Amino acid sequence: MEEEFLKAQGQRISEGSQAGYPMRNIGNIAVFGDVDSNSDGSISPEEFSAHRMQHRQQRMQQ
């Protein structure tokens with residue numbers, strides 16, 4: 001599942017770059033292990049949503 005995550009992430013970055021979007025904060029990109037909170041090797045919809053919420057809250061505090 002990590003391979004699928006990395007492939008999708010790379011594709012999204014590539015598409016954004018080709019569309020002319022600036023690659024700000026690329027160093028803060030999500031790591032599979034950070035999203036897979038129970039370390040079972042896959043990301044559930046709940047884990048994905050929780051990670052997105054946490055990321056948004058961190059951005060709001062900056």
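# A guided first look

Visitor: Which helix gives the most to the positive patch?

Guide: Helix α3, residues 45–61, gives the most, with three residues. You are looking at a predicted model, where local features need pLDDT of at least 70 and side-chain atom pairs count only at pLDDT 80 or more, while totals for chains, interfaces and linings use all residues. Residues are numbered from 1 along each chain as its sequence is written, and side-chain values use heavy atoms, with hydrogens and water left out.

Visitor: What makes a residue count as positive?

Guide: Lys and Arg count as positive and Asp and Glu as negative, while His and the chain ends are not counted. The positive surface patch is formed by Arg12, Arg52, Arg56 and Arg59, and Arg is on the positive side of that rule. Each charge is placed at NZ of Lys, CZ of Arg, CG of Asp or CD of Glu.

Visitor: And what makes something a patch?

Guide: Patch residues have over 30% relative accessible area and no salt bridge; like charges are joined within 9 Å, and nonpolar side chains (Val, Leu, Ile, Met, Phe, Trp, Tyr) within 5 Å. A salt bridge is a side-chain nitrogen of Lys or Arg within 4 Å of a carboxyl oxygen of Asp or Glu. The areas come from the Shrake-Rupley method with a 1.4 Å probe, and for residues only the protein chains shown count as cover.

Visitor: Why is Arg52 called partly exposed?

Guide: Buried means under 20% relative accessible area, exposed over 50%, and partly exposed in between (1.4 Å probe, protein chains only). Arg52, which lies in helix α3, has 40%, so it is partly exposed. Gln57 is placed in helix α3 too, and its 46% also makes it partly exposed.

Visitor: Which residues make the nonpolar surface patch?

Guide: Tyr21, Met23, Ile26 and Ile29 make it, and it covers about 380 Å². Ile29 lies in the loop between α1 (2–18) and α2 (32–35).

Visitor: How far is Ile29 from Ile13, C-alpha to C-alpha?

Guide: They are separated by 10.0 Å, although 16 residues apart along the chain. Ile13 is found in helix α1, and with 28% it is partly exposed.

Visitor: Is Phe32 buried or exposed, and how do you know?

Guide: Its relative accessibility is 6%, so Phe32 counts as buried. Phe32 is in helix α2, and its C-alpha atom is 11 Å from that of Lys7, 25 residues away along the chain. Of the 62 residues in the protein chain, 13% count as buried.

Visitor: What about the backbone angle of Asn25?

Guide: Asn25 has a positive phi of about 60°, although it is not a glycine. Asn25 sits in the loop between α1 and α2, and its 59% makes it exposed. Ser39 also has a positive phi, near 55°, and is not glycine either. Ser39 lies in the loop between α2 and α3, and with 62% it is exposed.

Visitor: How many helices and strands are there?

Guide: There are three helices and zero strands, running α-α-α from the N terminus. Helices (H or I, at least four residues) and strands (E, at least two) are DSSP runs, numbered from the N terminus. The C-alpha trace spans about 35 × 30 × 15 Å along its principal axes.

Visitor: How do you know what confidence the predictor has?

Guide: We use pLDDT, the predictor's confidence in each residue, from 0 to 100. The chain's mean is 92, and 100% of its residues reach 70 or more. Confidence is lowest in α3, at a mean of 91, and highest in α1, at 95. Where pLDDT is low, predicted coordinates should not be read in detail.
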